[in-house]
Amino acid sequence: MANDRTKRISKDAINGIYVESDVRDAGFFMPSPHCHPYFELFYIENGACRFFIENNMYELKSGDFLFIPPQVFHYTRYLYGNCKKTSLFFRSGDVDGRVKELLPQGSGFFANVRVFETPETHIPQINDLILRMLNEEKIADAQTEVALHVLFQELFLLCLRECTFLELPTEIHTTDRQIVRAAQFISERYGERIATADVAAAVGYSPNYLTHKFKEAVGTGVHEYLAFIRLQKAARELVSTKDKITDIALRCGFSDSNYFKDAFKKKYGVTPREYRK
């Protein structure tokens, strides 16, 4: 009996492991940065790309994995010709308990962005395992869900055995240092009244030049990125504190609580009060 695999993933939720792969060329542009409420394991089979995530820029090449936790803002640029990439979307519960115990920091592994590199000699083995997962997506029968689950555990175990887990961000370098500094300035000062001119002054750019370069590298404007960071920080405070919603809004840089509520609902689909519950 066939399963309808198209219903496994939506904008807001997944109900299992989902795998997709495609090739991007140098002319491809993501329409905008995004985040999602589930985990993503991003893998480069062939080629290279540049990834903006968590206020840092990373260059990924063949054999590299990028682990992306839920609700983390990210944007990809394909600058170096054709790049074959695979995305594996999943929930924390899709990784077996015994596998979690073996991960660096155990269950704490899932809290942070991570990059791990596959040695060149083991890239074919990783590629073959991912191909088997993609084939299961095509088969889409009654056994597919279980087969994907088993193959997914095998993938994590193979990465644990053969890959090098990098310390972020110190081991990775980028040519977009001023943009990284701008993003970090926003992340550090989001609770204050800051304008594009303030960010530009902090990195030694003119406001117009920063606006152009930031949009090119991050996929969104300085003001939009500031709003995203403020909403992200507010969402974390809603579930980690018992402070009043108005106080959280003010602390996160929103001078108008009604505007905060509207912006929050537009991003998360629920009001701050509903999100906290």
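Buried means under 20% relative accessible area, exposed means over 50%, and partly exposed covers what lies in between, with a 1.4 Å probe and protein chains only.

The structure is a predicted model, in which local features need pLDDT of at least 70 and side-chain atom pairs count only at pLDDT 80 or more, while totals for chains, interfaces and linings use all residues. Residues are numbered from 1 along each chain as its sequence is written, and side-chain values use heavy atoms, with hydrogens and water left out.

## Cysteines

A disulfide is a pair of cysteine sulfur atoms within 2.5 Å, and a search of the whole structure finds 0 of them. Cys 252 is in no disulfide, since the nearest cysteine sulfur, that of Cys 35, is 16 Å away. For Cys 49 the closest cysteine sulfur belongs to Cys 83, and because the two sulfurs are 4.9 Å apart, they are too far from each other for a bond. Cys 49 is also buried, with a relative accessible area of 0%.

## Aromatic rings and charges

A pair of aromatic rings is described by the distance of the centres and the angle of the planes. Rings of Phe, Tyr and Trp (its six-membered ring) pair if their centres lie within 6.5 Å, and planes under 30 degrees apart count as stacked, over 60 as edge-to-face and the rest as tilted. The whole structure holds 32 aromatic pairs. One of them joins Phe 152 and Phe 156 in an edge-to-face arrangement, with 5.2 Å from centre to centre and 90 degrees between the planes.

Helices (H or I, at least four residues) and strands (E, at least two) are DSSP runs, numbered from the N terminus. Phe 152 and Phe 156 both lie in helix α3 (residues 144-162), and because they are 4 residues apart there, about one helical turn separates them. Phe 152 is buried, with a relative accessible area of 0%, and Phe 156 is buried as well, at 3%. Both rings belong to one aromatic cluster, whose members include Phe 39, Tyr 43, Phe 65 and Phe 165.

A charge sits over a ring if NZ of Lys or CZ of Arg is within 6 Å of the ring centre and within 35 degrees of the ring normal. The table gives two such cases.

| Charged residue | Ring | Distance to ring centre |
|---|---|---|
| Arg 24 | Phe 28 | 3.9 Å |
| Lys 267 | Tyr 268 | 4.7 Å |

## The largest pocket

On a 1 Å grid over the protein atoms alone, a pocket is an open set of points where a 1.4 Å probe fits, with protein on both sides within 12 Å along at least five of seven lines, and lining residues have an atom within 4 Å of a point. Grid points are joined across faces, edges and corners, and a volume is the space filled by probe spheres set on the points. About 710 Å³ of space lies in the largest pocket. Its lining is made of 23 residues, and those nearest the centre are Cys 35, Phe 228, Leu 231, Lys 266 and Lys 267. The elements that give two or more residues to this lining are α7 (222-240) and α9 (257-268), and α9 provides the largest share, 6 residues.

## Residues in loops and strands

Most residues other than glycine have a negative phi, and most peptide bonds are trans. Glu 54 has a positive phi of about 50 degrees although it is not a glycine; Glu 54 is found in the loop between β3 (48-53) and β4 (56-61) and is partly exposed, with a relative accessible area of 34%. Gln 105, likewise not a glycine, has a positive phi of about 70 degrees; Gln 105 is placed in the loop between α1 (97-102) and β8 and counts as exposed, at 58% relative accessibility.

Contact means heavy atoms within 4.5 Å. Pro 119 lies in the loop between β8 (114-117) and α2 (123-139) and counts as partly exposed, at 30% relative accessibility. Leaving aside neighbours within four places in sequence, Pro 119 is in contact with Glu 162 and Cys 163. Pro 119 and Cys 163 are 44 residues apart in sequence, while their C-alpha atoms are 6.5 Å apart in space.

Ile 68, by comparison, is found in strand β5 (residues 64-68) and is buried, with a relative accessible area of 0%. Not counting residues up to four places away in sequence, Ile 68 touches several residues, among them Tyr 38, Phe 39, Phe 51 and His 74.
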